[in-house]
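Keep the viewer open as you read.

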Amino acid sequence: MSTPIELLYKYEKLLTEYLQSNSFTANLLITPVSKFITESLVIVFVLLLSYEIIYWSGIYLKLWDYHAKDIFGEVPIHCSHVYVRLNIIDSGNVERLNNYYHLKSTRNNFYNWKKINELSKDIFKLNKYIKYYFEFSPEDFEMNDEPEFGSTIEHLRNKILLLVRDSDYLNQFSHKDLSIDDVKVFNNRYQEVEALENNNYLSKCHIETGNTIDVVIVI
């Protein structure tokens, strides 16, 4: 087995051969000092590049969080429009619905796809989500305490409830006691936005402009 020193020597030899293969970099290896500086810079560059690739890939794959997220927090912005995927369940399936979205929100949920698909077939009344587009005009949020943040969660629930009642197709699933408490909203992280967030703004609950979110009506 090669020792670390032997491996380092082999790597240095390969690096030297590679640098000497180009006339421009070969000139940087003329003296021992210039060779040391050049190879050191190349090694540092490779290490930094590898670190950055691994670091940002991990953030993209949600394996870890950005190290300074608590210092440089995201500033919520006005949510002007959102796409809503709507489905319906019976009240007896709420616990299974929570399990469904727990699996979807889990990191690396690729391994849960089979169970997610099975739950989807069992609990949802619609074979596929129905996708709607909601746009928020000034009339939707100008009465809020901080209108610059746009519409609230409660306002979105009310708009969806009105949609269900006015739709010829969806109205068959409605009943007189249906309320905004039966409108479950899930943000762009597949996390349920609880009722205590009703007065909060969409942009502060991880629902941003252009996002596609899920909404489930419990009947």
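Lys184 counts as buried because its relative accessibility is 13%, buried being under 20% relative accessible area, exposed over 50% and partly exposed in between, with a 1.4 Å probe and protein chains only. Before going further, please note that this is a predicted model, in which local features need pLDDT of at least 70 and side-chain atom pairs count only at pLDDT 80 or more, while totals for chains, interfaces and linings use all residues. Residues are numbered from 1 along each chain as its sequence is written, and side-chain values use heavy atoms, with hydrogens and water left out.

What does the side chain of Lys184 make a polar contact with? The partner is the side chain of Glu192, at 2.9 Å. A polar contact here is a pair of N or O atoms within 3.5 Å; within protein, one must be able to donate a hydrogen and the other to accept it, and residues adjacent in sequence count only if both atoms are side-chain atoms. Beyond its neighbours within four places in sequence, Lys184 is in contact (heavy atoms within 4.5 Å) with residues including Val94, Leu97, Arg157 and Asp214.

Now look at the strand around this lysine. Lys184 belongs to strand 3, residues 183–186; helices (H or I, at least four residues) and strands (E, at least two) are DSSP runs, numbered from the N terminus. Strand 3 pairs with strand 5 in the antiparallel sense over 4 bridges, where pairing requires that DSSP finds at least two bridges between two strands. Val216 in strand 5 is the bridge partner of Lys184, and Val185 stands opposite Val215 in strand 5. Strand 5 (residues 212–218) also pairs with strand 1 (residues 81–89), this time in the parallel sense over 7 bridges.

Stepping back, the open sheet has 5 strands in the order 2-1-5-3-4, with mixed pairing. Its edge strands, strand 2 (130–135) and strand 4 (192–193), each pair on one side only. Helix 4 (residues 94–105) packs on this sheet, touching strands 1, 3, 4 and 5.

Finally, turn to helix 3. Helix 3 (residues 32–60) has 29 residues and reaches 42 Å from its first C-alpha to its last. Its buried residues are Thr38, Glu39, Tyr55 and Gly58. After helix 3 comes Lys62, with a positive phi near 60 degrees.

Terms used: The expected span of a helix is 1.5 Å times one less than its number of residues. Axes are lines fitted to C-alpha atoms, for helices over the stretch in contact, and angles run from 0 to 180 degrees between N-to-C directions.
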